[in-house]
Amino acid sequence: IAQPYFWMTKYPTMTSTTVSPLLSGLVGYYNFNEISGNTAYDISSGGNNANIIGGVSLNQTGVTNNGSSFLFNGTNGYVSAGNSANLSLSSSGSISVWFKPSSLASDMIMVSKGDPGNDRYGYSFGIVSNSLWLELANATAYIITYMSIAGGNIVTGGTWYHTVATWDGNNMILYLNGDGVAANTQTLNPLSSVYPFRIGINGGPGGAYWNGNLDEIGIWNRA
């Protein structure tokens, strides 16, 4: 996507002649402004409302002045939109997330529709091996691009950060707070129709729970 910093507190009004470029290819957007209940609503036109499961606290302080965020407990809390077809990204895609980790002591997935490092398949975006990490995988192989956050103040607990992962069939690129921080050649297209789309957990059999806040999550089927 063309604009690394992004949030959307409500779905903009569109006409047949004027459509925001940021709405092109948007298949899921979660502003996490819910204050009660068990549903995280997709405010895009993608139709991917999601179930809130386990240790997720709603109505927490968000990154925007008039919104809230979800706080994930790092042990059993996550959000799941099921195995949605339009979230099964392949040759190109983009993921935008605001995140505030409570701890960086373990691997933590922000957004996933795959099983990183294990059964493969799909895409996964989070903090893995002390690195901001994007993995794409098909049935037999995987590729990654990452930026180490170990041993410094690049990412610290209790602070909000904005990150974007994007791939276009040729390259994978990571952004942090508007700066391009990592890139790799894209040598395969992810096969992401196998596992459910999840926020705050590995998209496969589970694990790598997010510990901290997440907010304003957008998913596009384009770079």
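**The β1–β16 pairing and its surroundings**

Strands β1 and β16 are paired through 4 bridges and run antiparallel; strands are DSSP runs of E with at least two residues, numbered from the N terminus, and two strands pair if DSSP finds at least two bridges between them. The model is a predicted one, in which local features need pLDDT of at least 70, side-chain atom pairs count only at pLDDT 80 or more, and totals for chains, interfaces and linings use all residues. Residues are numbered from 1 along each chain as its sequence is written, and side-chain values use heavy atoms, without hydrogens and water.

Within this pairing, Tyr29 has Gly218 of β16 as its bridge partner. Strand β1 (residues 26–30) is largely enclosed by the rest of the structure, because 5 of its 5 residues are buried. Buried means under 20% relative accessible area, exposed over 50%, and partly exposed in between, with a 1.4 Å probe and protein chains only.

Strand β16 spans residues 211–220 and contains Asn213. Asn213 counts as buried because its relative accessibility is 7%. Its side chain makes a polar contact of 3.0 Å with the side chain of Ser69. A polar contact is a pair of N or O atoms within 3.5 Å; within protein, one must be able to donate a hydrogen and the other to accept it, and residues adjacent in sequence count only if both atoms are side-chain atoms. Apart from neighbours within four places in sequence, Asn213 is in contact (heavy atoms within 4.5 Å) with residues including Phe70, Trp98, Phe99 and Trp160.

Phe99 also belongs to the largest nonpolar core, which has 44 residues; Phe99, Phe32, Val111, Ile199 and Leu214 touch the most other members. Such a core is a set of buried Ala, Val, Leu, Ile, Met, Phe, Trp, Tyr and Cys residues joined through side-chain atoms within 4.5 Å. Leaving out residues up to four places away in sequence, Phe32 touches, among others, Ser69, Phe70, Ile199, Leu214 and Ile217. A second, separate core of 5 residues includes Leu26, Tyr29, Ile43 and Trp220.

Buried residues account for 52% of its 223 residues. Of the contacts in the chain between residues at least 6 apart in sequence, 63% join residues at least 24 apart.
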